[in-house]
Amino acid sequence: MIISIIAAIAKNYAIGRNGDLLYHLTDDLKRFKQLTSNHTVIMGRKTFESLPHGPLPNRRNIVITSNPNWTYPDVEVARSIEDAISKSASEQEVFIIGGGSVYKEAIEKGLVDNMYITEIKDTPKDADVFFPEIPDNFDVTYAEYHTADEKNPYDYIFVDYKKINNIIKMKIKVINKSNNPMPAYATEGSAGMDLMAYIEDNSSIVIKPMERVLIHTGLYISLPQGYEAQIRPRSGLALKKGITVLNTPGTVDADYRGEVGVILINLSQDNFEINNGDRIAQMVIKKHETAEFVEVDVLDETERGAGGYGHTGK
Ligand SMILES: NC(=O)c1ccc[n+]([C@@H]2O[C@H](COP(=O)([O-])OP(=O)(O)OC[C@H]3O[C@@H](n4cnc5c(N)ncnc54)[C@H](OP(=O)(O)O)[C@@H]3O)[C@@H](O)[C@H]2O)c1
């Protein structure tokens, strides 16, 4: 069984105030309904009591409470998270839908496989319930950036996290001045992380045929000595749109502290538009040697000698 968390989190991890939600973004509520419908939802007693119309329709509702007398029509009661999970053992995926205390316990006990997070670009000052820190062994597998509109009063990102098991990761410090999520590996086996364009004021940039443009990422990184970050093209953009990284692979040196930029060139015959948040290149963290040249008069001999430029045949 897959155990997933679903939550809407502000920039400061706030999720609730006075027993209620902080936000009612139409698209977030739609996504919540779409993901959880026809599944089991597990929640703390306080979250249940904050629901405006009682149990969520088309879902099996399990409420955790320590009160042995607590009941509610069409709701199953569990005495602990483990009890709620064991009640759903035959299900394919269950959703832990809050609140703060249940999220925290489930994450700390290592019970969670996936998280569907809506990151809301707001920092409320008066929240009283918070989401716990997302542990390092969760990687972003998907991110979808949205700007505010009349139904969704804040910019927000749908971000999916997946637990990664048994991978020891190097820590790299990053300042992210963009409003995009941090770069992350899309799958457990990915070598590169996608870099997103950071275009202030959410406008767009058009690259004309054969034009080259420096695209900002809003990222500043501090690599350990002996490592470089290679900036490489994305194969899909190259094949479908003729967009490549002009100096591929670009190198970000360990002692560079400026913004990571991506020099893109449009090798197609059509204009190519880039919007804030578009994935434009990938970054691979690589170990490298540091060499020293020793001047000599004679080099050791080899069978090939000076043969080159096609010497070994077609
Ligand atoms: N932004 C979001 O996505 C989101 C989602 C859900 C909720 N929220 C917000 O979060 C807030 C509620 O969170 P909260 O942390 O205050 O409350 P909560 O987690 O919803 O509920 C806490 C209650 O659940 C029961 N409980 C939790 N863990 C238990 C355990 N291990 N064993 C037995 N009982 C357990 C207890 O009920 P008894 O006291 O009855 O024993 C406890 O008082 C609200 O403001 C709500 O709107 C936000």
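A nonpolar core is a set of buried Ala, Val, Leu, Ile, Met, Phe, Trp, Tyr and Cys residues joined through C-beta atoms within 7 Å. The views below show a predicted model.

**View 1. The largest nonpolar core comprises 43 residues.** Within this core, the residues with the most contacts are Ile5, Ala7, Ile9, Ile42, Ile96, Tyr103 and Ala106. Strand S1 makes the greatest contribution, supplying six residues. A further core of 23 residues lies apart from the largest one and includes Ala229, Ile243, Val262 and Phe272.

**View 2. Contacts of Ala7, one of the core residues with the most contacts.** When neighbours within four places in sequence are set aside, Ala7 is in contact with Ile15, Gly98, Tyr103, Ile117 and Phe131.

**View 3. The shell around the ligand contains 28 residues.** Those that come nearest to the ligand are Gly16, Gly44, Thr47, Gly98 and Gly99. At least two shell residues are supplied by each of strands S1 (2-10), S2 (14-17), S3 (20-21) and S4 (40-44), and likewise by each of helices H2 (45-50) and H4 (100-108). By class, the shell consists of ten nonpolar, 13 polar and five charged residues.

View 4. Arg17 is classed as partly exposed because 13 C-beta neighbours lie inside 10 Å, whereas a buried residue would need 20 or more and an exposed one 12 or fewer. Residues up to four places away in sequence being excluded, Arg17 touches Leu22, Asp126, Ala127 and Asp128.

Technical notes. Residues numbered from 1 in each chain as written. Predicted model: local features only at pLDDT ≥ 70, side-chain atom pairs only at ≥ 80, totals over all residues. Near = placed C-beta within 6 Å. Helix = DSSP H or I, 4+ residues; strand = E, 2+ residues; numbered from the N terminus. Nonpolar A, V, L, I, M, F, W, Y, C, P; charged D, E, K, R; others polar. Contact = placed C-beta atoms within 7 Å.
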